[in-house]
Each structure stands twice: as structure tokens, then as C-alpha cells.
Amino acid sequence: MAKVQHWVAIAGLGLGLALLPSMVQAIPGQSIDEATAWIQSNPTLQPSRGEKLLVRKTATPAQRFTFQALPLQAGRAAPGTGGRAAIRTEELAMFDMINGLTIFRLEESLRAIYGASIYQDYAQASVVFAYPDLSIRGQATNRATPLLAQLQGELREGDRFAYWTEITRRADGYAYMGRLTVFLKEDLPKLEAELRSR
């Protein structure tokens with residue numbers, strides 16, 4: 001019970017938030033073994049026994065949090081280049097039908113997991129692409145794919161990493177699901193092209 005209350009607090013589903021010191025190192029670009037060790041020792045994530053690169057927390061069926069580290073490029077699954085097994089993408093995802101979800105809650109979870117230096121890199125990153133715009137809304141209507149119009153997202157490029165935030169809204173505007181992805185900057189052109197063409 002204490003663990004569930006802890007993750008609820010840090011994921012922004014409760015009122016509290018545990019802030020980590022800025023010395024915590026982010027792991028895109030590191031080996032799978034290094035990533036596993038980082039996740040296991042991260043006091044915010046607190047993985048359960050047997051959880052390595054994927055951490056799942058559930059408060060209720062309507063409130064869930066996941067964190068995963070992947071050796072794949074962000075977006076459509078694709079292996080990285082260079083032939084070495086390294087983590088390229090990390091994603092924190094939240095689902096909250098009870099309290100709803102905001103970009104701010106995703107950002108605070110990013111700060112809690114990674115610490116102040118990565119949060120600063122994110123906050124100072126330049127916006128490369130944001131959606132939906134009017135053309136995307138029009139295409140979604142014409143193609144009868146309303147979900148596209150309900151996705152609100154942004155790609156950013158920081159000094160250290162690239163970042164992708166995305167929130168899903170219902171037709172009435174209520175946001176209940178979102179994710180914030182930290183990934184290698186070299187994978188940014190691929191993801192941007194995918195998002196612009198969908």
C-alpha cells in the first residue's frame with residue numbers, strides 16, 4: 001500500500017511530489033545493463049521485484065503509470081544504428097480517468113524521475129513541431145479519423161536530449177492519457193517526419 005501511495009504522489013495523481021537531486025543521470029545512450037541498474041536504484045520509480053526496463057504502477061483500474069526504457073528509436077519501432085545495444089528511448093506514460101491529465105503533471109513526473117538538470121534541458125529546449133494545427137484537424141475530419149484531432153503533442157530539441165509530449169483528449173476536451181518521451185537527438189528527424197506525415 002505504501003508503494004502505491006508513493007508512486008501516486010510522484011506521478012502527480014496525488015498532492016505530493018518527490019524531487020530528486022540534480023546528480024541523477026538520464027540513461028538514453030547508455031547500455032541496457034546500465035539502464036537496468038539506473039532504474040533499479042531510482043528512488044522515484046521503485047520497481048517491483050523482476051521489473052527491469054518496464055515499471056508499472058496501478059492505483060485503481062482508472063489510474064495507471066508506466067515507465068519503460070527501449071533500445072529502439074522513438075516513434076515507429078526501429079532499431080538504432082551503429083550496431084551497439086543501447087537504450088535510445090525512455091517513456092513515462094500516465095492514464096487517469098478520475099483526475100484528468102495535464103502537460104504540467106507529465107513535466108513534474110519528468111522532474112521527479114530524472115532530477116533538475118534533465119528537467120532544465122527539457123524546459124529550455126526549442127519546440128521543433130507542435131500539433132494539431134488547422135490542417136491536421138481538417139485532415140482528421142476528412143479521413144473520418146477523429147482521434148488524430150484529439151492528440152495534442154510537441155517535439156522539442158534540448159542540448160542533451162530530444163523530448164516528445166503527447167496528450168489524448170476526449171471529444172469534450174477532457175484529457176485523461178499522456179506520455180513524455182526522452183530520446184536521443186539523432187532520432188529526432190525520423191520521429192518528426194513520422195508525425196508530420198500521419
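Modeller: A residue is termed buried when its relative accessible area is under 20%, exposed when over 50%, and partly exposed in between, with a 1.4 Å probe and protein chains only. This is a predicted model in which local features need pLDDT of at least 70, side-chain atom pairs count only at pLDDT 80 or more, and totals for chains, interfaces and linings use all residues. Residues are numbered from 1 along each chain as its sequence is written, and side-chain values use heavy atoms, with hydrogens and water left out.

Biologist: Is tyrosine 163 buried or exposed?

Modeller: Tyrosine 163 is buried, at a relative accessible area of 1%. Tyrosine 122 also counts as buried, with 2% relative accessibility. In the chain, 45% of the 198 residues are buried.

Biologist: How many aromatic pairs does a search of the whole structure find?

Modeller: Rings of Phe, Tyr and Trp (its six-membered ring) pair if their centres lie within 6.5 Å; planes under 30 degrees apart are stacked, over 60 edge-to-face, and the rest tilted. The search finds seven such pairs. In one of them, the ring centres of tyrosine 122 and tyrosine 163 are 5.4 Å apart and the planes stand at 80 degrees, so the pair is edge-to-face. Trp38, Phe67 and Tyr114 form one aromatic cluster.

Biologist: Which charged end sits over the ring of tyrosine 119?

Modeller: A charge sits over a ring if NZ of Lys or CZ of Arg is within 6 Å of the ring centre and within 35 degrees of the ring normal. Here, arginine 111 places its charged end over tyrosine 119, 4.0 Å from the ring centre. Arginine 64 lies over the face of phenylalanine 95, 4.2 Å from the centre of that ring.
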